[in-house]
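Please read them with the model open.

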There are 2 protein chains.
Amino acid sequence: MSFSLFEKILDPSQIVSGQELESRYHHIWHMDEPLKAICLLTPASTDEVSSIMKICYEHNLPVVVHGGLTNLVGSTETYGNEVVISTERLNSIEEIDGSSRTMTVQSGVILEHIHEAAANTDLLFPLNFGARGSAQIGGIISTNAGGLRVLKYGMTRQLILGLEAVMVDGTIISSMKKIIKDNSAYDVKQLFIGSEGTLGIVTKAILKLEEAPSSRNAAYIGFNNYENVVAFLKYMDSNLAGKLSGFELIWRNSYEQMTSVSNAVRPPLPYDYNYYVLIEALGSHPQIDHAEFQSLLEDAIEQDRILDAVMAQSPSDIEWFFRIREDVNNLVDFMKHDQHFDISLPIPFIGDYIADRYQSLAQIDGVEQIYAFGHVADGNIHFMIGKSNLNDDLKKKIDHCIYDGLKAIGGSVSAEHGIGTHKKDYLNLCRTPEEIVLMKALKLTMDPKGLLNPGKIF
Amino acid sequence: MSFSLFEKILDPSQIVSGQELESRYHHIWHMDEPLKAICLLTPASTDEVSSIMKICYEHNLPVVVHGGLTNLVGSTETYGNEVVISTERLNSIEEIDGSSRTMTVQSGVILEHIHEAAANTDLLFPLNFGARGSAQIGGIISTNAGGLRVLKYGMTRQLILGLEAVMVDGTIISSMKKIIKDNSAYDVKQLFIGSEGTLGIVTKAILKLEEAPSSRNAAYIGFNNYENVVAFLKYMDSNLAGKLSGFELIWRNSYEQMTSVSNAVRPPLPYDYNYYVLIEALGSHPQIDHAEFQSLLEDAIEQDRILDAVMAQSPSDIEWFFRIREDVNNLVDFMKHDQHFDISLPIPFIGDYIADRYQSLAQIDGVEQIYAFGHVADGNIHFMIGKSNLNDDLKKKIDHCIYDGLKAIGGSVSAEHGIGTHKKDYLNLCRTPEEIVLMKALKLTMDPKGLLNPGKIF
């Protein structure tokens, strides 16, 4: 079995193997491991992906799709016996339709390029997160990515109007519609969103664009107790109508570390509070919105809803405020080894749950740093744990400390990153046995030979 | 085979059959046909639904679920050999969680009761449409209902955080989470949303609530050409940031009929224009929002974006404005027989497509009235056709006139009502053969004996 099978359908330049493969390609975000695979293919069209899959299906070749490799949970790992399909040449923005407010893209287009293309027509693709310069839309769809503005605009699932995917046997499922409402039988595209490449390969999508906002306001707020954070979220959301776009919570010690590394991330508020919230609003009237935002904060201080607030006074202030939250390297760089988490849990439980984890983690031998922060309006908290060694026993102790309480309170071991290989052992903590049986039945129906991204999720 | 099978698991009062069945129950919205079925069961819990399904599965009994029967496409039709499960006793609102902003409900709760319960805690369940006094949330979920505020808040799919459903063999799939982000493997609840009861029976849901708005503004606007309607949608949406909640388009002759029946629906604008738009915005600052809305309309007139506008000056004005749009009886009551449509198509095509249909429909012998109106921001247009007879040939002529052009422009024969029995013949106009093969594979996996709502969709 070899890569020569693909020479009939692809140009030699689209087939990478051997030495070139190992020297030029990787399989996960940490770029220190060379890619092991039968070959890597770079199709440029849905038809080429379909032809590749027909061959793989006939010859029982496992397939892993590689986009920007930013998934963080091992969803793109290979073992050596796979054909890797890279989406790097599926990189065309095919159309922007200003009246329908849609963008049609191939799956290899990088998120930042989508942002730029939308902005050039005064529109916005609102999905946004730190890895926007690398993450490709196909991977974003396959993992149903979330990020910083879910509160206002929703997860990826809410932003996909049309989708094209290739099934394991090469069949092309084309659901490429520009319409918001389409209740004509089962919405099959939902199956490809968030299934991490295990049910089909996304090749194209029609994205829902929004009108671009013309005002952006942001502030850091200080709190000493969690109940006030939740009350303030309701206060701001109800007063800002549809404008509240971000509500990020940072625990005190995380804030201290995030703001002490360089002048570029100097602290906007002093180290006096237990919780720091970074809040963002997007509107359409710069002056009115700025005044409204400011007066809401002033009222909140007067009414003892919050202890302290500092509002960004310029675009560069806003950049500074977000740099603090987004540059997680300022946490990780000072760790010997890091282990990160992406849990979600109902908003009322977050305060106590995270406080308890801080306590228990501190008692684990080998844990050196504990940082918590996250998208609290979405119930999504990230933990970054620094540890002294890569011992598997230590890793599992930390996993269990963070995950084991989630089942009882209806939480999830993955809010936005997915399951991949890293969280397979913990899927049963947030899904019932009946749900998992149903998932496996769907997998068997759509990938009977188990060739699509094998070893992931289950 | 008889209803006595269910006497082991249900109280006699929960089993309706024979004369009582035919005299008290119906199977579709037009309440003129008595219900034909083996029996009608009224379970009060998910466990009772599960027990019923175990018996039905063992004895190969087809099952149809009845909620408010408001679906309009025959999704709840029976033929006589089915067990009907009525959700009328699954009518409990189990919890409202103000901090999580969620409501947990059984599937038989009526939409209007959900609205009232949310309002009592200063929250909003935004889904809204004319049948809110009858439609139950289980049916709403099963059809992924849309309605008047999709523009701001999304379809039903976007408002469901958690779901519980019973599979054909009685297995309970419980995905009852309150969290907005949960990327832990496949999102199986998506399968039950919009599949019209053919893949499982929804018994419970966790609904996403929003902060209740405190301001509501509305206006009627007049236009003579469709391009200006689309440009005005963009103008209002970009200026109102997240506040634009409704943008309904009414064709001139529909507006004339809707506003000429009684003083309660008197015309807010004269009959001088080709298109009338009803626009709504929801905000949080009554005075500021009113002034902003008014000044946007004034600017629009000055800039020749619109020809005329009248803004609601009181809550009773708003009620009057919406009564015109919502009371479709004012159209139907004057028809001998009616045939209605619920198509969607990309926004740029709507003007020409609907104009063409008006022309071609007028040439069909037996067509007496033609009215078009709809949720233009969602690409969703309704047609109400009055006709002289119930001849099947006439029905099909009208169907083809409206549906046949949709495929070429990427439209759908069902925007929000579903396929049911009425649109089965036209599914292939808006779904590819490959999509339909995949749908049938899913149906076979999840309902191998074909017992769930047989004869619907396919």
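1. A salt bridge here is a side-chain nitrogen of Lys or Arg within 4 Å of a carboxyl oxygen of Asp or Glu. Between domain 1 and domain 2 of chain A the count is 0 salt bridges.

2. This is a predicted model, where local features need pLDDT of at least 70, side-chain atom pairs count only at pLDDT 80 or more, and totals for chains, interfaces and linings use all residues. Residues are numbered from 1 along each chain as written, chains are lettered from A, and side-chain values use heavy atoms, without hydrogens or water.

3. Chain A splits into domain 1 (3–86), domain 2 (93–211), domain 3 (215–326) and domain 4 (329–418 + 429–436). These bounds come from an automatic or database domain assignment. The C-alpha centres of domains 1 and 2 of chain A lie 22 Å apart. Their contact (heavy atoms within 4.5 Å) takes 18 residues from domain 1 and 16 residues from domain 2.

4. How much area do domain 1 and domain 2 of chain A bury between them? About 1,300 Å², with 67% of it on carbon and sulfur atoms. Buried area is the accessible area (1.4 Å probe) that two parts lose on being put together, summed over both. On the domain 1 side, Thr46(A), Met53(A) and Tyr57(A) supply 36% of the buried area, more than any other three residues.

5. Helix 2 of chain A gives 7 residues to the domain 1 side, the largest share. Helices are DSSP runs (H or I, at least four residues), numbered from the N terminus.

Terms used: Helices (H or I, at least four residues) and strands (E, at least two) are DSSP runs, numbered from the N terminus.
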